[in-house]
Amino acid sequence: MTKPLANRIALVTGASRGIGYATAIALAKAGAHIVAVARTQGGLEELDDEIRKDGGSATLVPLNLTDSDGIARLGAGLHGRYGKLDILVGNAGVLGPSSPIGHIELKTFNDVMAVNVSANFQLIRCMEPLLKQSDAGRAVFITSGAANKATAYVSPYAASKAALETLARAWAQETANTNLRVNLFNPGPVRTRMRATLMPGEDPETLDTPEQVAEFIVPMCAPDWSETGKFYDYKTRTLMSFRAPA
């Protein structure tokens, strides 16, 4: 039986653990070749082992996403090897400090923005030409409810996710008349290391796993996905449209 994502190239950031790891495996099971990006070589090698167990394939890219030149080189490498990119999953992100705004150093704030916003901006710049070469380019960015709730004590994270949402929505509008579809995915509370850091007293067994979440990201990466500029809320299993404040 032909797999739904056979012969498609999928770039996943933050692929060494958590939602990125699970999404890379799920996309590989659906037939995609995975270009796995993360800082952690060991985590990437574990991912590669898991993908190969199911007969899939991956290209491992150890890269700190604050290296904008490295992202540009990755884009050039993908162009030379494949001439296209079918799927971009912008998952990598950092939580940053849990502290009142007045106690946060400017450098710390900038470090969060560098990973959660600027790196995705550079990914968009460098990967858009490749995604447009696909017959059905798909981009999904992982966001958070903190963006619209303006959650207290995690202001750099909340601000960065709000910026990411606006960036993705603007890109969706710019590419609405092309084969590219750009959407956002909010997983909500999930059994990840980031969640455990933020909520150390929470019982992880009460949360869904990254593997459960990934199953809902895969359809948004498929050629038959037609929506763009939308927001999928995993907790309510709802695809939402953005609207101006009432």
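Me: Which residues does Tyr153 touch, not counting residues up to four places away in sequence?

Reply: This is a predicted model, in which local features need pLDDT of at least 70, side-chain atom pairs count only at pLDDT 80 or more, and totals for chains, interfaces and linings use all residues. Residues are numbered from 1 along each chain as its sequence is written, and side-chain values use heavy atoms, with hydrogens and water left out. The C-alpha atoms of Tyr153 and Ser98 are 55 residues apart along the chain and separated by 5.1 Å. With contact defined as heavy atoms within 4.5 Å, the residues that Tyr153 touches are Pro97, Ser98, Ser99 and Pro100.

Me: Is Tyr153 buried or exposed?

Reply: Tyr153 lies in the loop between H5 and H6, where helices (H or I, at least four residues) and strands (E, at least two) are DSSP runs numbered from the N terminus. A residue is buried under 20% relative accessible area, exposed over 50% and partly exposed in between, for a 1.4 Å probe and protein chains only. At 54% relative accessibility, Tyr153 is therefore exposed.

Me: What is the phi of Asn7?

Reply: Most residues other than glycine have a negative phi. Tyr153 has a positive phi of about 70 degrees although it is not a glycine. Asn7, in the segment before strand E1 (9-13), is exposed with a relative accessible area of 69%. Its phi is also positive, in a residue other than glycine, near 70 degrees.

Me: Which elements do the buried residues of H1 pack against?

Reply: The buried residues of H1 include Ile19, Tyr21, Ile25 and Leu27. H1 is mostly covered, with ten of its twelve residues buried. These buried residues pack against E1, E2, H2, strand E4 (87-90) and helix H8 (210-217).

Me: With which residues is Thr23 in contact, leaving aside its neighbours within four places in sequence?

Reply: Thr23 is found in helix H1. It is buried, with a relative accessible area of 1%. Leaving aside those neighbours, its contacts are Val89, Ala214 and Ile217.

Me: What is the relative accessibility of Leu11?

Reply: Leu11 lies in strand E1. Leaving aside neighbours within four places in sequence, Leu11 is in contact with residues including Val35, Leu74, Ile87 and Met127. Leu11 counts as buried, because its relative accessibility is 0%.

Me: Which exposed residues lie on the face of H2 turned away from its buried side?

Reply: The buried residues of H2 are Gly43, Leu44, Leu47, Asp48 and Ile51. They cover an arc of only 145 degrees around the axis, the arc being that of the directions from the helix axis to the C-beta atoms, so they fall on the same side of H2. What covers them includes helix H1 (18-29), strand E2 (33-38) and strand E3 (58-62). The face turned away carries the exposed residues Glu46 and Lys53.

Me: Which element gives the most to the lining of the second largest pocket?

Reply: On a 1 Å grid over the protein atoms alone, where a 1.4 Å probe fits, a pocket is an open set of points with protein on both sides within 12 Å along at least five of seven lines, and lining residues have an atom within 4 Å of a point. The lining here includes Asn148, Glu165, Arg169, Phe231 and Met240. The elements that give two or more residues are helix H5 (146-149), helix H6 (155-174) and strand E8 (238-241). With four residues, the element that gives the most is H6.

Me: How many residues of the lining of the second largest pocket are charged?

Reply: Ala, Val, Leu, Ile, Met, Phe, Trp, Tyr, Cys and Pro count as nonpolar, Asp, Glu, Lys and Arg as charged, and the others, Gly among them, as polar. The lining has five nonpolar and three polar residues, and its charged residues number three.
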